[in-house]
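Please open the model in your viewer and keep the selection panel at hand. The stops below say what to select next and what is there.

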Amino acid sequence: MDAQQMVGHELRVLHASEQVLSTMEDAETGVRGYLLTGDSRYLRRFQSALSNQRLARRNLRQLATGSSEQQARIAKLDRLLEIRLSGLSGVVASYKTEGPDAAVAAADPGEGSRAMGEIVDLVHDAQQEEYWLLSQGTRTVEAQASHMRWILRMGGALLIVLITVVGVVGERDIRSRQRVEESLTGSEGRFRTLADGIPQLCWMANADGGIFWFNQRWYEFTGTKAEEMRGWGWQSVHDPEGLPAVLAGWKNSIAKGEPWEMVFPLRAADGTFHPFLTRVIPVRDQSGKLVRWFGTSTDITAQRRTEDALRENQERLLLAEQVARIGTFEWNLVETAANQPAPELEAMYGLPPGGFSASHGTWLDLVSPEDRDYTKRRMQEAMKTGAPGAFEAEWRVIWPDGTTRWLFGRASVLKDDTGKPLRTIGAVVDVTDRKRAELEVLRINAELEQRVNQRTIQLEASNKELAAFAYSVSHDLRAPLRGIDGWSLALLEDYGARLDDRARQYLNRVRSETQRMGNLIDDMLQLSRVTRDEMKLEKVDLTALATGITAKLRDAGPERFMEFVIEAGLVAVGDGRLLEIALTNLFSNAVKFTGPRNKALIEFGRLEKDGEMAFYVRDNGVGFDMAHAGNLFGPFQRLHKASEFPGTGIGLATVQRIVRRHGGRVWAEAQVNRGAAFWFTLGASA
Amino acid sequence: MSTHRAILLVEDNPSDADLTRRAFAIGRIVNELVVVEDGQDAMDYLRGEGSWAGRNVSETPALILLDLKLPRVPGLEVLRMIRADARIRRVPVVILTSSKEEEDVGAGYDLGVNSYVRKPVDFKEFQTVIGNLGMYWLLLNEPNPPVK
């Protein structure tokens, strides 16, 4: 049975003995209650206690295989229990047959408590022994566990234990000196075999320090031979500089007969030095006389490297904290002990090094009062969830000098298995500058918004002025034109007979120029209106719109042979009134510039162009030279002679403004005498 | 035809007023054309006040042609006052103006105008419009009974 099994076994024995005792007490209580009340529930309790106890006793008998003393104790306990239980059964029986008084008389309370006392004492004695065994077993288990760890890191310690066992423990049960020797020899043989197999360097020395044995590993590591190493030859694998200290330590240990431990380098076969942790313990015989030394040397290169890396990491972390100005903290939530905060954290609270005496309980006092509730609430929430980084908050602190700083902190709450928070680990950064910048941005934004509002108001005002101006133009400029036209006509009508042809022709010129002027004014007004009128976005059926426009155009030119091809199902989101103006202009242009054709073919459709959907109005008219198309969409720009194709040159400018107001663009493709196509998109709204 | 009821033209531009008169003449509309030059004058005529004091206000015009841009009292205000005055509110009013601002058109109808006509630049067209107006309001339309 190994130590671990043994511990388990002892625990089971202890448990069984407790069971025996508690079922016995149960039986006693059951009978007592039954006698006093006659209630059958107590009887049932007695009976179930009886059967439970039988099980417990069997369990105990089987488990308790310890010393003979213990066996005897348990047998005695068994008997006592049997007697007591049959006594109790007798009492119950007499209650049933002869009534309560007889039963009470039969139940001798003095006898009961005496028997129970004896049983309890016996159980406790038995438990004592098991406890002792348990403690032994536990100690061994603990030792083994720690040895396991030790092997992993510095297995030499196990060997020390082994040699101790070999040298000291082995003697306990053996009397003869001879047999001691034999046993030692046997043990040593086994030990040396074992020692050759482990990664540590092991050696043994006489009481005077002369080493008489190294394990195989020593020779492998140092690349030496037994002859070179014998006695004090080992010095050759030492660093000459460190050797005096090693010798001094070792000799001191020899002189005092005390264990010794030191870290020094040893030279490997390849000439490199490795750090070794060397431990030496004295081995004494029965009389306490020091008979030899046992030593192990463990290569701690890896450990050193780990330690170095750890230290380096710590330094790096510290440096990072300093550079990044991160303050880390760790609150112990179980005890309200003050922690050891990073100096950076203290600086964040405006405190001198060592001035941060807050614990998790008092830390909130350092937080600015206005943020205290909020921060506390966040921390409480974090305690509940316990997720990594569960706590996240920004709070203000007021430094002793009155300065207000903004801190941002994040922390994780670590809990035990039952969910109880144990520790909070977190980091804090000073975000005052960022916070100020944020506030500044907010302020600037507010200011900007105010400025935009002012501008908007100004713009609205100038829009109103423009509207008033347009109204004025519309009303005031047209009135005199009407006069010029009207009186010219009056002249023609009333005095036409007295005028010669040339005079009449002149008057007709006056009238036609007046018409042109009127058209110009109308177009200008429309252009200004499409620019300033508020847009009402809606779903617009462009197919229906185009059909309506072309029908009107057909009515206006019944003498023309025109074919309109309009794609079905063209829908866009836009301002219907503006889109009607744009399409009217495009279709009117198409009709105008197909004038010389016998048959005009005008198409309206939609195609994907450069990744976006574009609408087009295409005609088979006279087209134009793309070289002159640059200013096509500017107001008053014309590519044809007014005598050929009359117009004000404002139509396409109007189209462009409308398209732009929809977030789209417009462009033309044309060739002289081979028609023209006007493309437009309606931006995101299409 | 309520033959001899006058037509009231509210127009501050004498050239336009004369052209309108000419158009009526060409259109053979023989009703007397009373021209007033501003809104105040128009209201005085209708109410028999001011320079029109003593006029028999029960002789309401057969038709009022109202320009919008007028000195003193603007056209829409004149319209509002006409519609608010029980004695004259049934007189048909036609806004005859250069403006086709939507706002004006809407406001005109809101105030109960009977027609809204934009004066074209082309006098021939203007003449046609005037002719049609006379034909409709003076001949075809059943005249309103005078308010008692």
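Begin with A:Arg267 of chain A, which stands opposite A:Phe273 in strand S4 of chain A. Before going further, note that this is a predicted model, in which local features need pLDDT of at least 70 and side-chain atom pairs count only at pLDDT 80 or more, while totals for chains, interfaces and linings use all residues. Residues are numbered from 1 along each chain as its sequence is written, and chains are lettered from A and ligands numbered from 1 in the order in which they are written.

Now select residues 273-284, which are S4(A), together with S3(A), and you will find the two strands running antiparallel and joined by eight bridges. Helices (H or I, at least four residues) and strands (E, at least two) are DSSP runs numbered from the N terminus, and two strands pair if DSSP finds at least two bridges between them.

Next, select the open sheet of four strands in chain A, with the order S6-S9-S8-S7 and antiparallel pairing. Its edges are strand S6 (326-332) and strand S7 (391-398) of chain A, each with a single partner strand, so one side of each is left without a neighbour in the sheet. The twist from one strand to the next averages 25°. Within this sheet, strand S8 (residues 404-415) and strand S9 (residues 421-430) of chain A pair in the antiparallel sense over nine bridges, and A:Leu407 has A:Asp430 in S9(A) as its bridge partner. Helix H13 (residues 369-385) of chain A packs on the sheet, touching S7, S8 and S9 of chain A, and its direction makes about 155° with that of S7(A).

Which helices of chain A each supply at least two residues of the side that touches chain B? The contact takes 15 residues from chain A and 15 residues from chain B, and on the side of chain A the helices to select are H14 (432-495) and H15 (501-532). H14(A) gives the largest share of that side, 12 residues.

Move to chain B and select strand S1 (residues 7-10) and strand S2 (residues 33-36), which run parallel and are joined by four bridges; the bridge partner of B:Val10 in S2(B) is B:Val36.

Finish at helix H3 (residues 75-84) of chain B, where B:Gly75, B:Leu76, B:Val78, B:Leu79 and B:Ile82 are buried, a residue being buried if 20 or more other C-beta atoms, placed from the backbone, lie within 10 Å of its own. These residues cover an arc of only 155° around the axis, which puts them on the same side of H3(B), the arc being that of the directions from the helix axis to the C-beta atoms.

Technical notes
Buried ≥ 20, exposed ≤ 12 C-beta atoms within 10 Å, placed from the backbone. Contact = placed C-beta atoms within 7 Å. Axes fitted to C-alpha atoms, helices over the stretch in contact; angles between N-to-C directions.
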